[in-house]
Amino acid sequence: MTKALVSDPIDKLGIDILSQVAQVDVRTGLSEQELLGLIGDYDALMIRSGTRVTESVIHAAGKLRIIGRAGVGVDNVDIQAATRRGVLVVNSPEGNTIAAAEHALAMMMAASRHIPQAHVSTRAGGWERRRYVGNELYKKTLGVVGLGKIGSHVAHVCQAMGMTVVAYDPFISNERAQQLQVRLMDLEALFQEADYVTLHIPRTPDTTNLVDDRLLGMMKPTARLVNCARGGVIDEAALARAISDGTIAGAALDVFAEEPLAADSPLRMVGQGLILTPHLGASTEEAQANVAVDVAEQIRDVLLGLPARSAVNIPGLTHEVMERLRPHLQLAETLGSLVGQLAGGSIQELELRLQGELANQPGQPLITATLKGLLSTALGDSINFVNAGLEARERGIHVLEVKDGAAKDYTGGSLRVRCKGSSGTRTLTGAIFADGEPRVTAIDEFPVNVPPTQHMLFTRHRDMPGIIGKLGSLLGEHNVNIASMQVGRRIVRGDAVMVLSIDDPIPSGLLKDVSGIDGIGEAYPISL
């Protein structure tokens, strides 16, 4: 029976969806040791931010196929270990967009008007209107670090409130920035110019403690900093100093390097000017339902053999791309398997050429599919779309992608795969024909029209009378039935290739006899 483990509190809507395809066990608050003892029984794991899915947990998860994070960040999942084991990791990149953006806006407004401090004072009996004079956001400059979905929404709302928005995001084009009506600038200039800085970036080795003494020292003394994105991107000790000594006016933080925030954190020692909340960015009823449903649907689909729409560790393979390229992804996988078997073991190089209309499509998913086919011959079912690229890199396979829009051979385009291995360099071309079926259209530049089948026999031979008859007779003597045959040649009585579709695999001893037929130089059995 298919089983799914839910190890963090998840909205009931998500549980109901998982229950459609699996036995669902909800076990929250597990320690790592408890999780290690349980995870081996499960096909799927659904988490939020509380569960840490370490390399040890993934290695203990012999049946695990998918990890679903109900939220955006996957900091608590060892992505590399999951990828190596072929475990799909999915998240919900849009489910809490509005909730997170609105919390950043609320924190910015609360910091500007001293709302938490004024609330505490008033509840205690005070009436300190002069003490809590604030600042307006109107006509101020907002610096947005990271123009993803959340950062873009914050920018849009702040523009509506009359703020000028500048941004830093090295992955955003000038055209996209113009659409958002924001001005791009480098990070240092943004910190110098902005009255408010809001962070919307992931925590990576490059962004850890990105906001340090140096950047904080560039800010205006009246400026404020907001972080509702990821803990650890701010040097918390440096921020505490900057607020305490008046380098900046204040900050509002919802996320921290370590959560819960330690009792001795320097942030707890800061007096006025700092607002702290306990990671509430996605904590709305709407967002919790959205992310639970989104991720549960993806887990359900994967367990049913369907693609996930928000896979973290399959480069470029979104649901939209999967649907658009589905026939060509299957073609690429088939060509990868074929060319790998013809080129032999110890693969050194793979080149994928996207020709004609395919040159306008993203190449990475097709490369991944080709590598999956190539490596599956040797590594079997352990290779999938998740770990094919990693396995290729670890084996030193040099991968090239070429796009040739000028090639106009087939409607819809074609794929040309060249592979260098221990048996030499082989090249196969394939296309999807009008009937929707894949065809191998060239082998080593010899034109053919071969529908891939489970069992095939490939030969390289001289184009001379009698060879086809001798081969047919030999196979017949060994009860090997030929379903179809294709011969490709460029010149009469020159070199040629032949592909036989056969009903059963070639017996091991028969291949030597096939190679011994006068005129046949090479013979390779193929299995798909």
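Start at A442, which stands opposite P447 in β18. Strands here are DSSP E runs of at least two residues, and helices are H or I runs of at least four, numbered from the N terminus. This is a predicted model: local features need pLDDT of at least 70, side-chain atom pairs count only at pLDDT 80 or more, and totals for chains, interfaces and linings use all residues. Residues are numbered from 1 along each chain as its sequence is written, and side-chain values use heavy atoms, with hydrogens and water left out.

**The hairpin**

Select 438-443, strand β17, together with β18. The two run antiparallel, joined by three bridges; pairing requires at least two DSSP bridges. Two residues separate the strands in this hairpin. Click D444 in the turn: its phi is positive, about 50°.

Now colour β18, residues 446-450, by face. F446, V448 and V450 make up the covered face. P447 and N449 lie on the uncovered one. In a regular strand, side chains alternate between the two faces of the sheet.

**The cores**

Move to I443. Setting aside residues up to four places away in sequence, I443 touches L342, T427, L428, V448, F458, V497 and V499; contact means heavy atoms within 4.5 Å. I443 is also among the residues with the most contacts inside the largest nonpolar core, along with M46, L88 and L415. That core has 68 residues. A nonpolar core is a set of buried Ala, Val, Leu, Ile, Met, Phe, Trp, Tyr and Cys residues joined through side-chain atoms within 4.5 Å. Helix α13, residues 319-343, gives the most to this core: eleven residues. Apart from it lies another core, of 31 residues, including L187, A194, L199 and L261.

**Helix α12**

Select 285-303, the 19 residues of α12. From first C-alpha to last, the helix reaches 27 Å, close to the expected 27 Å. That expected span is 1.5 Å times one less than the number of residues. Of the 19 residues, 14 are buried, so α12 is largely enclosed by the rest of the structure. Buried means under 20% relative accessible area, exposed over 50%, and partly exposed in between (1.4 Å probe, protein chains only). G305 follows α12, with a positive phi near 90°.

**N76**

Go to the loop between β4 (66-69) and α4 (79-84) for N76. N76 counts as buried, at 7% relative accessibility. A polar atom of its side chain lies 2.7 Å from the backbone oxygen of T51. Beyond four places in sequence, N76 touches I47, R48, S49, G50, T51, R52, V53 and R69.

**Last stop**

Finish at Q364, in helix α14 (364-379). Q364 is partly exposed, at 36%.

Technical notes: A polar contact is a pair of N or O atoms within 3.5 Å; within protein, one must be able to donate a hydrogen and the other to accept it, and residues adjacent in sequence count only if both atoms are side-chain atoms.
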